[in-house]
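Here is a short briefing on one chain of a predicted model. The points are grouped by topic.

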Amino acid sequence: MILKRKFRYILIESSAPMDWKALSAEISNKLSAYLGERFYINADPRVVANCGSNAFILRVNRGSEQDVALGTCYISDINSISVGLYTIKTSGTIRSLLDYASRAYK
Amino acid sequence: MEFYDIAEMNVNNDLSSRLGYTKIFGPGDIIEIDDKQKRPDSIWIFRGSNVGEISRAIKGRAIGIVMDSFAVEKSIIEEAAGYGKIICIDAGGLCKGERWQIRKKTITAKRIFLYAMKARAEVSLITLAKQKEGLLSSMQLLALSSLLGADSERSRIMASALGRFL
C-alpha cells in the first residue's frame, strides 16, 4: 500500500521583516513549545518558501491548519524581535499561494 | 459572512482585507469602546471592570460589554443576554503574557463563553490591539473561538457578530 502525505500550505505574514534562515528553526521551536509535542508531530510544520521579507509559506499536514493557526497567535517574538504573525490564507498547492503573495506583496 | 474586528489603533484597509476582515474599527470610527459614551452618534461598547457600571451600561445604550476583570459574573452574563447585548472577549489579551497567565485567561474566557451559551447571549471575539504585533487574522480568531469551545458555525457567527449593528 502506498501512503501519500497530504499537505496544506499556509501563507503567514509577519509584522516585521525577518531573516529567512533563522526563521525556520525558531518557528519550529515556538510552535512545538505552544502546541505540545503531539500536535507538533501531527502537524510537522516546515517553512518551505519566503515571499519577500515579511511573508513566508508554512507546509503542514492536512487537518492541522487550525492548530498551527492557533500556535502562531502565541508567537510574540522571534530572535528577540517583537513580531506578530498573521495566517493570511491556506491552500492545497504552494503555487496558488505564491501567486497570491506576488500580487499582495508587490 | 463578513468578519469585523476592533483595535485600539488605525489599521489600513489593505492589511484588514489581507487579514480576512471586512473592516477593523479603530479610534475615531463609528464603534467606540470606553467606560462612557463620549460621542452621541457612535455605536458604544462598554469597557470596564466595575460590576455596577457594567450593569448600568447593559441597561443603557451600550451594544456590548468588554469585561476587563476577566472574572466570571454569571448575573452580568444573564443580564446581557436578557437585553440582547454582545459579550466581547478580548482575544488579544488571551495570547499575551506568561504561559500561566495565558492558561488562566483562556480557562476564564472559556467559562465566560460556556455561561454565555447557556444564557443564550451573543459572544464576539475582538483583538483590541494597541500595536500591529497584537493583531490577529480572522483565521486565527476562528481558531481561538474553537479553543473556547465553539463549533465552526458558532465561530463564524462570533467573528461577524458586530455586523448586526452596522
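Among contacts in chain B between residues at least 6 apart in sequence, 53% link residues at least 24 apart. The chain is predicted, like the rest of the model.

**Fold and dimensions**
- Chain B contains 7 helices and 7 strands.
- Read from the N terminus, the order of elements is β-α-β-β-β-α-β-α-β-α-α-β-α-α.
- The radius of gyration of chain B is 15 Å, close to the 15 Å that the globule rule gives for 166 residues, so chain B is as compact as a globular protein of that length.
- The C-alpha trace of chain B spans about 40 × 40 × 30 Å along its principal axes.

**Burial, surface and charge**
- Of the 166 residues in chain B, 51% are buried.
- Chain B exposes about 7800 Å². Carbon and sulfur atoms supply 48% of that area.
- Chain B carries 25 positive and 20 negative charges.

**Helix 6**
- Helix 6 of chain B covers residues 138–148.
- In helix 6 of chain B, 8 of the 11 residues are buried, so the helix is largely enclosed by the rest of the structure.
- An α-helix has 3.6 residues a turn, so residues three or four places apart point the same way.
- The buried residues of helix 6 include four leucines: Leu141(B), Leu142(B), Leu144(B) and Leu148(B).
- Also buried in helix 6 are Ser138(B), Gln140(B), Ala143(B) and Ser145(B).
- Gly149(B) follows helix 6 of chain B. The phi of Gly149(B) is positive, near 120°.

**Cysteines**
- How many disulfides does the structure hold over all chains? The count is 0.
- Cys88(B) is in no disulfide. The nearest cysteine sulfur to that of Cys88(B) belongs to Cys95(B), 16 Å away.
- Cys88(B) is buried, with a relative accessible area of 3%.
- For Cys95(B), the closest cysteine sulfur lies in another chain, in Cys73(A). The two sulfurs are 4.6 Å apart, too far for a bond. The cut-off for a disulfide is a sulfur pair within 2.5 Å.
- Is Cys95(B) buried or exposed? Cys95(B) is buried, with a relative accessible area of 7%.

Methods: Residues numbered from 1 in each chain as written. Chains lettered and ligands numbered in written order. Predicted model: local features only at pLDDT ≥ 70, side-chain atom pairs only at ≥ 80, totals over all residues. Heavy atoms only, no water. Helix = DSSP H or I, 4+ residues; strand = E, 2+ residues; numbered from the N terminus. Rg over C-alpha atoms; globule rule 2.2 N^0.38 Å. Buried < 20%, exposed > 50% of the residue type's maximum accessible area, 1.4 Å probe, protein only. Contact = heavy atoms within 4.5 Å. Areas by Shrake-Rupley, 256 points an atom, 1.4 Å probe, with all protein chains shown as cover. Lys, Arg positive; Asp, Glu negative; His and termini not counted. Charge placed at Lys NZ, Arg CZ, Asp CG, Glu CD.
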